[in-house]
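Here is a friendly walk through a few strands and helices. Take a look at the model first, and then read on.

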4 protein chains.
Amino acid sequence: MKPFKLVSREYKKENTIVEIKSPSGSVLLGHGNCTIIAGPCAVENREDYLEISQFLKAAGAHALRGGLFKPRTSPYSFKGLGHAGLEIMQEAREITGLPLVTEIMDIRDMDILYESVDVLQVGSRNMQNFSLLEELGKTKKPVLLKRGLSATIEEWLLAAEYMLKAGNQNVILCERGIRTFEPYMRNTVDIAAVALVKELSHLPVIVDPSHATGKWKMVTPVARAAIAAGADGLMVEVHQEPDRALSDGKQSLTPENFLRLYEQVMQISTLNRSQ
Amino acid sequence: MKPFKLVSREYKKENTIVEIKSPSGSVLLGHGNCTIIAGPCAVENREDYLEISQFLKAAGAHALRGGLFKPRTSPYSFKGLGHAGLEIMQEAREITGLPLVTEIMDIRDMDILYESVDVLQVGSRNMQNFSLLEELGKTKKPVLLKRGLSATIEEWLLAAEYMLKAGNQNVILCERGIRTFEPYMRNTVDIAAVALVKELSHLPVIVDPSHATGKWKMVTPVARAAIAAGADGLMVEVHQEPDRALSDGKQSLTPENFLRLYEQVMQISTLNRSQ
Amino acid sequence: MKPFKLVSREYKKENTIVEIKSPSGSVLLGHGNCTIIAGPCAVENREDYLEISQFLKAAGAHALRGGLFKPRTSPYSFKGLGHAGLEIMQEAREITGLPLVTEIMDIRDMDILYESVDVLQVGSRNMQNFSLLEELGKTKKPVLLKRGLSATIEEWLLAAEYMLKAGNQNVILCERGIRTFEPYMRNTVDIAAVALVKELSHLPVIVDPSHATGKWKMVTPVARAAIAAGADGLMVEVHQEPDRALSDGKQSLTPENFLRLYEQVMQISTLNRSQ
Amino acid sequence: MKPFKLVSREYKKENTIVEIKSPSGSVLLGHGNCTIIAGPCAVENREDYLEISQFLKAAGAHALRGGLFKPRTSPYSFKGLGHAGLEIMQEAREITGLPLVTEIMDIRDMDILYESVDVLQVGSRNMQNFSLLEELGKTKKPVLLKRGLSATIEEWLLAAEYMLKAGNQNVILCERGIRTFEPYMRNTVDIAAVALVKELSHLPVIVDPSHATGKWKMVTPVARAAIAAGADGLMVEVHQEPDRALSDGKQSLTPENFLRLYEQVMQISTLNRSQ
C-alpha cells in the first residue's frame, strides 16, 4: 500500500514539539520525554478535583485532564458539569501550576474554552467533525486529536491535516483504541500505529490506555507498551475512589496505582533515551 | 444480550410515519410503501442538477438528494458548492414538486437549511455529534440519521433518542454499511440490522446501497435485498454520466440503470404488501 | 481495487450448476431456482430427526442438514453424536428421498462420509484447512464451502480454488455472516457479497441466515433478502421445539415459521425469474 | 463482562513454564526471561538456512523457526519445501544446538514432525482445527498456539483448553495480530491481550511482530512493546536478504536489524525483572 499524501509532511521534515503553556512554565510535548496528562474522567465536584489535582502535581504529572462536557451514547446518562466545572479546573491550575486539558464538543463553546484551558481535546466521535477542526485550525492553541473509533491511520492523519492546513501546527495525536470484534476489553489498542504515525507524520503522539482498555488492570501494561513503542506521553484516568466515580470508574487508577505506573514508565522512557 | 432501554419505545408502540412536506403534497415515509430518494452525490452545476431532477421526477422518485457540504476525509478534496448550490436545489424543487434532502454538517448552517430544505440528513461521521442532534431535536423537521461507520445498533438508536427526547419524532434511520475488514467493497451492508431496528424501534428505516457498496453493480442487488428485508425506502445516487462525476462516480447509477432498479424494487414492495 | 486472479474463471465463463444426487432424483443447485437445505443444527436422536425430516420433505425442502461432528469453541460442550448419527441420517434419506448434507471436520472421516452423505460441508473454522480442501478436491462429491468468520471474499474464492484446481468443480459457496463489532447479532450477513461472488465466480452461492444472525426472528427477513439479492438457495435450521435443542436453539425456526419462510422466499424467487 | 470458565485454571494457580528440549540443554519459556525464536519465514534452501541459523545462534536466539508447509491463501503460491526441508532444519539443530519450531498443518504429518522437531506450531488458520488440537493434546510436545485472525481471547484460550484437557500442559500462546479495518498494516497487534491472557490463564505468551505488522520497520517497536507489556518472548522473522525471500520478505529483519532488536528487548526484559 502506498502512503497517502500528507501535504504538511512535504515541507516539514523535523518532528513537531508542541509547547503547552502553563502558569508554572511550559511543557514541551514531543521533546523526547514522557509527558503525562492525568486526572479523573469527569470533573465531579470541587473538593475531589482539587484533591486529586494536588496529588497528581506531587506525583509528577505534567498536565491535568478533566471532562466538562461528556459525550454520552445515551441522552439519559450523566453529561458532566459543563461550564460550572470550568472554574473548578481553573482553581486547580492556580494551585498546582499545571496546564489544563479538556474536550471541546460544540463549536459554540470555542470562545470560552479557548480562554480558559491550555489544550483542547477533540474526542473520537468528533475526529471528523470538519467544521470544528477548521475552527481549531485558525487558532494556535494546542489540540489533542483522538483517533476515531474506527478511523484508519490515513483518516486520522488527514483529520490532523485539516488543522495544519488552516494554520495550527500545535497538534498532538492520541491513540485510544479501535473498535474490533473482541468483547472482553472496550477497545483494541493499536500499538503499531504509534510507531507508524511517528514515521508518517511529524506530529507527537500519546496513548490513552484508560479509555482504550476500559479495565484498570490493563492500564499499566498498555502504558508501558506505549512508551516502549515510542509514544511521547500518556493520558491516564486517576480517581481517589474509582468505585464511586460517576463515569468510567472501572478504568480509573487509584492514586497508589498511578504512582506505580509513573515510576515504571519513566524508567522505560529513560531507557529509551539511552538506547 | 439484553435489549438496551429505549425510553421512546415505552410510550410509543405503533410505528412512526414521517411526513415529508413538498410543494406537490406530502410523502409519507414508513407507510408500507417504498420511498425512493435519489439524485447525484453532490450538486455540481445548475444545468446537470435540473436535468437529472426532472428525469427522476418522471421516473417516479419521491424526493431529491444533493450534497452541498461534502464531508471529505482530506482537506484537499472537492467539498461541494455550499450555499451556492442551495438555490439550484430549490429551483429543482419548484420544477419537479419533489422535496429536498441534504446533509447538515455544521450547527451554524441550521437556520438557512431549516428554511430551505425538507429533510436534514445527519451523516455517518456526525451520528454522535450530540450538539447537532440536540438542535435538530428542537425542531419538527424530518431528519435522516445515517448509521455511523462503526456504530452499534444500540448507539445508532440512542443517537436517534437524542432527537426524540428533545421533541422531534420525525426521525428516519438510514443503514449505509459498516466498516469491516473486507477491502473489496467500501463498506458492508448490515442487512439484518434493517429487520432488527424495525423490531426494536418505532422509527422507519431506509438503506443507502450506493455509499454502502461503493460499486454501482452492487447497488441494485442490495436495494432489492433491502426492500425484501423490510426497509421503508432507499437513498440512491444517480448521475447522467457517472464517469465525470466530481465525487463518488463509481457508485452512481446511470438513468437507465435507475429505471431498472426502480421497477424491480417496486415489484418486491408490491409482493411484500400481499404477503 | 483490482480483482484478484481466479484461474478457474479464465477457462469457465458459464455458471456452474451443481448436481446433488439423491434417492429420488437429482437436485440442481444454481439452476435459477431456490434450493432449500433444512434441518436441525445437530442430529440429537432418531425419533426427532426422522420426524423433522418428514415434515421438511412435506414442506418442500430439497435437502436435509444435520450436524454429526459439531465444532465447538469449548472442549466441554456437546459435540454431536458422531458416527452414531450417520445411520439416523441415512434412514431419514431412505424415508424422504432427500439428499444429506453434513460437515466434515477431520480428514480421517473422509472415507466414511464420502460413502454416506451427498454433500460435504466445510465449516467456517476450516475454510482454510488446505489439507482438507485438497482431499475434497480429489473427489467429485459436492462440497458446501462456508465463508470463514473473517475471510475476505478473495480468501473465500481462493479456498474454493483449491478444490477446483484439484479437479472438483462441484463447489457451492455459503455466506454465513462475518465477524464485526456489532454485539447484538452473532454475525453480520454480508448481503452484497452474494451479488459480488456471483459476478466474480462461476460458482453457485447460498446463504445460512440461522448461523449468521443467531436469532430466529431475523432468519426470515435475511432469507428474503438473500434470495432478492440473487442467492441460489438457503440453509436453514428447523427444530420441533427450539427451546429444548441441544445446540443453537435460539436460531432455529419452528416448523410453522419454516412454512412461512418457504412460501415467502419462493414467491421472491418466482418474481426473480420473471424480471 | 464475566470471565468465561477455564477449567484448567481452577486446579492450576501458578504459571506454567514450558520446557523446550534441545541438544544443548533446555530452554525454559515463561520463566521470567525473554525467549526469542527467530528464523526465516520459510526454509528455502540448505545453504541459506544453515548460514542464518549460525548467525542467530551467535546473536543469542533461543530457538530456530522455519516454515516447511506454508499455508497459502492461493493454491498457486509457493508452499514450502515440505519434508525435504526437514533434514535441513535438523542439520541446523546439530550445528547450533538450538531447538526447532515449525508449523503442523496436516494431522497426517504428526508422526514425522513429532519425531523431528521440538515445538509444533499451530497456525492462525488452524486455531480451531479441533481434531488437530486433540491429537496434539495427547502428546507432551510443546505446542505454540497462534491466535486466530479474528479469534476472541475466549476462543483462543478455549482452543488451548482442548490440549490442556487432553493432557498436554506444554502450551505456549502466541499473539500475532487480529484482523481489523486498518489497511495500512497487515494486522493489528492486540497488545492488551498479552497482559490479559497472563491474568486469565497460567500459560506463557509470546508475540510475533513480523506476521502481525507485515512491515519490518514496525517489528522492533512492536517487539519492544510486547516485552514491556509482559510477554514471555518473541517470534521474529530474519532473512539474509529480505528482498529475495520467497515469502514475506517485507516483514523480515536483516541480521543487522535483528541485533538491534535483540539488544533493545533484552534491556527492557532486564528492567522488567528489576521493577
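## Ground rules

Two strands count as paired if DSSP finds at least two bridges between them. Helices (H or I, at least four residues) and strands (E, at least two) are DSSP runs numbered from the N terminus. This is a predicted model, where local features need pLDDT of at least 70. Residues are numbered from 1 along each chain as its sequence is written, and chains are lettered from A in the order in which they are written.

## Strand β5 and its neighbours in chain D

Strand β4 (residues 63-65) of chain D runs parallel to β5(D), joined by two bridges, and R65(D) sits opposite V101(D). Between β4(D) and β5(D) the chain passes through helix α3 (residues 84-96) in a right-handed β-α-β crossover (clockwise from the first strand over the helix to the second, with the strands pointing away from the viewer).

On to the next strand: three bridges pair β5(D) with β6 (residues 119-122) of chain D, again in the parallel sense. Here V101(D) has V119(D) as its bridge partner. Helix α4 (residues 110-116) of chain D carries the chain from β5(D) to β6(D), in a crossover that is right-handed.

## The barrel in chain B

In chain B, eight strands form a closed barrel with parallel pairing, in the order β3-β4-β5-β6-β7-β8-β9-β10. Strands β3 (residues 35-39) and β10 (residues 233-237) of chain B run parallel, with five bridges between them; I37(B) faces M235(B) there.

Terms used
This is a predicted model: local features need pLDDT of at least 70, side-chain atom pairs count only at pLDDT 80 or more; totals for chains, interfaces and linings use all residues. Side-chain values use heavy atoms; hydrogens and water are left out.
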